[in-house]
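Thanks for asking me to look this over. Here are my notes, in the order I would read them with the viewer open.

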Amino acid sequence: MTTLDLPPVAASEPGGPTPPGSAEVPAEAAPPRSQTKVRLGGVTREDVFTVAGALVGSLALNWLLYERVLPFSGAFGFLVCWYLLFLAGYFALGRLQWGKLMVRDRLVAVASWSSGLLVVALIVDQIGYVASRGYEAAQHVNFFTESMEQTAALSPITSGGALNAIVGSLEQLGLATLFAVPLGIAAAIFMSEVGGRLARPVRTLVEAMTALPSIVAGLFILGVFIITFGFEKSGFAASLALTVMMMPIVTRAAEVVIRLVPGTLREASYALGGSQWRTVWNVVLPTARPGLVTAVVLGMARGVGETSPVLLTSGFTSQFNADPFHEHQVSLPLYIWNYVKQPYPEMVARAFAAGLTLMVLVLILFVTARVLGGRKPGELTRRQKRRIDREARSAEAAARAARPSGTVRPATARTASAHASATAVPLPGNS
Amino acid sequence: MTDAPMTDTPMTGVATADALAIDPAADTLTLPPLPPGAHPGGGPLAGLETRDVSAWFGTHKVLERVSLAMPAGEVTALIGPSGCGKSTYLRILNRMHEMVRGAALAGEVLLEGDDVYRPGRRPAEVRRRIGMVFQRPNPFPAMSIQDNVASGLKLAGIKVSKDERQDLVETSLRRAGLWDEVHTRLHTPGGALSGGQQQRLCIARSLAVSPDILLMDEPCSALDPTSTRRVEETIAELRGRLTIVIVTHNMQQAQRVSQTCAFFLATHDTPGRIVEAGPTAQIFGSPRDQRTSDYVNGRFG
């Protein structure tokens, strides 16, 4: 039930000495007793108790069955059985108090809640596990400043590190992004803006490529680039393999966001005498920019963690090699793959630390991309906002200064601000 | 200047002097000098004329032999019930018709006596001379107010100095009657304005490329009455400076803003055609055709 804060209208006397709307009316008309607010919706105590009861009851029953009655054991089976018993128990408890439809509704709600929680728990577990295992090696600065040249199998954790892999990953990802993004966006523009009879086969092909097994991308570059053309295994070859993986993802995502740009904007551009390419460049792409950034980030996130294409094309080395075009170059996934299978605990610890580094790297990429291009169309950068504030303030100050001299105020304000906007320097992205 | 040979209404030529006489009376601000290449206010104005224009979408014929002269410097209103082809006709005038797949056309559209559909004539060039304002305001969301106004230059690939650009932005916004409301926030996004302001921003954007003709496709149908009045004032101020063709569903609006009026009508099996065209006063005061009389008096449509 909603409670209204307004006093009842009928309580104020019509034609009385107090005009309606004056301060005294609410005081007069105020109800004698304070009204209690009733919270609407939300979770009731009943709901909480039902869930808690079902949880405890099913746990007890499960323990009894699992540990005493049935010949089962193991934590995983225990959890699965507990969950199933919980759903059954919740259904039974619900059936005691609610109707059939209501119980079904609640059951679905509980099931979807728990699957959501499961996903979150899995992610937290995954990140937490890698972080806790990786911390051992990552807490030492040398992990980020040294490579593995001088590190033997039994060297302590304070020697050696993943600098070569971090540099290799960044370079390979950078090169792959450099290739994949222009190609992907160009393909997306072709499919959505140019269209024609070829657009459909291209789209089908791109969709098929998103499902391309990553090892095949590696084999392709290995077969064509390294075996046929005779180039050596290098970071550059790896970045080509990553490009094959990233391009379809960038293309698909970019096409979706380009299609979301309203057709009325294209019409407006054409009506101003814009050609198709100028329309794409000046109207469509800037409008779709936040979505395009997401597309790029999606592609990069896919590329940075790929192991198998890199495995076949870059070659493993423990040396530091900053040149992606010559000699083998290791990257983080390859580093992890190589060291985690070794029988030395320090090596495994380094591999986990590299895994942690990889996750942090992806996080940094996401944040950077959001900051760089994730603004909504038309939203201002912080610099632009500051500049506008500054202009407004200086215009105000000028107006204030001019006022005592007897000038008409609005005119002064206008000239001052017109002056301010005339001296404004256009920012990149604004012109 | 085209001598628009209109069959039933010999009224070209009166317009320019008339409009200039009206202009000072309207509460316009004194305009700064126009940027180079702009259409000078009192200079030669271009009229538009169509001869036997028929249009199809695929096999469906939507317009049948429409001949109409839109006198230079005047406001021509196209009225008629929905689906009578007046918007299609408007889009034919600046070659936006051909953006629709399967669109076809017959007849001539003469801008200063030169067919805009002449083979070899580029649509972009035609559209730069014949601007268009759409039914729903559509400022570019990724651009600020001033970038929106100057977007026509960018889209046409015209390079101007910063000062010229600034002047052009101010002139265009003043002509669209928007300058006083936005001059302190030219860097803010155009999408943050109210609907009426957005529509006037779109008008300013069209004016910035100094077109000879401005087409307006129900420019006020998405606006509230106050914004509608401001847009109508803007149209009144622009009269005499360029030729305006406006499609409207609002009879009063057609009566208020236009000097010439054309009534379109289509039935189930016949494509749209002009039933009657002439001076607005005549169309609304003493229409010759019974159907026009019925329509303008609100008896159908």
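This is a predicted model: local features need pLDDT of at least 70, side-chain atom pairs count only at pLDDT 80 or more; totals for chains, interfaces and linings use all residues.

1. Chain A is split into domain 1, covering 45–135, and domain 2, covering 163–373. Their C-alpha centres are 40 Å apart.

2. How many residues does each domain of chain A bring to the contact between them? Domain 1 of chain A supplies five residues, and domain 2 of chain A supplies five residues as well. On the domain 1 side, you will find three nonpolar residues, one polar and one charged.

3. Now for the contact between the chains. Chain A contributes 30 residues and chain B contributes 34 residues. On the chain A side, the elements giving two or more residues are helix 10 (263–271), helix 11 (276–287), helix 16 (382–402) and helix 17 (409–422). Of the chain A side, helix 10 provides the largest share, with seven residues.

4. The model has an ipTM of 0.81 and a pTM of 0.71. For chain B, the mean pLDDT is 82, with 85% of its residues at 70 or more.

5. Please keep an eye on residues 1–42 of chain B, where the pLDDT is below 50. Even so, this stretch of chain B has 63 contacts in the model beyond near neighbours in sequence.

Technical notes:
Residues are numbered from 1 along each chain as its sequence is written. Chains are lettered from A and ligands numbered from 1 in the order in which they are written. Two residues are in contact if their C-beta atoms, placed from the backbone, lie within 7 Å. Helices (H or I, at least four residues) and strands (E, at least two) are DSSP runs, numbered from the N terminus. Domain bounds come from an automatic or database domain assignment. Ala, Val, Leu, Ile, Met, Phe, Trp, Tyr, Cys and Pro count as nonpolar, Asp, Glu, Lys and Arg as charged, and the others, Gly among them, as polar. pLDDT is the predictor's confidence in each residue, from 0 to 100.
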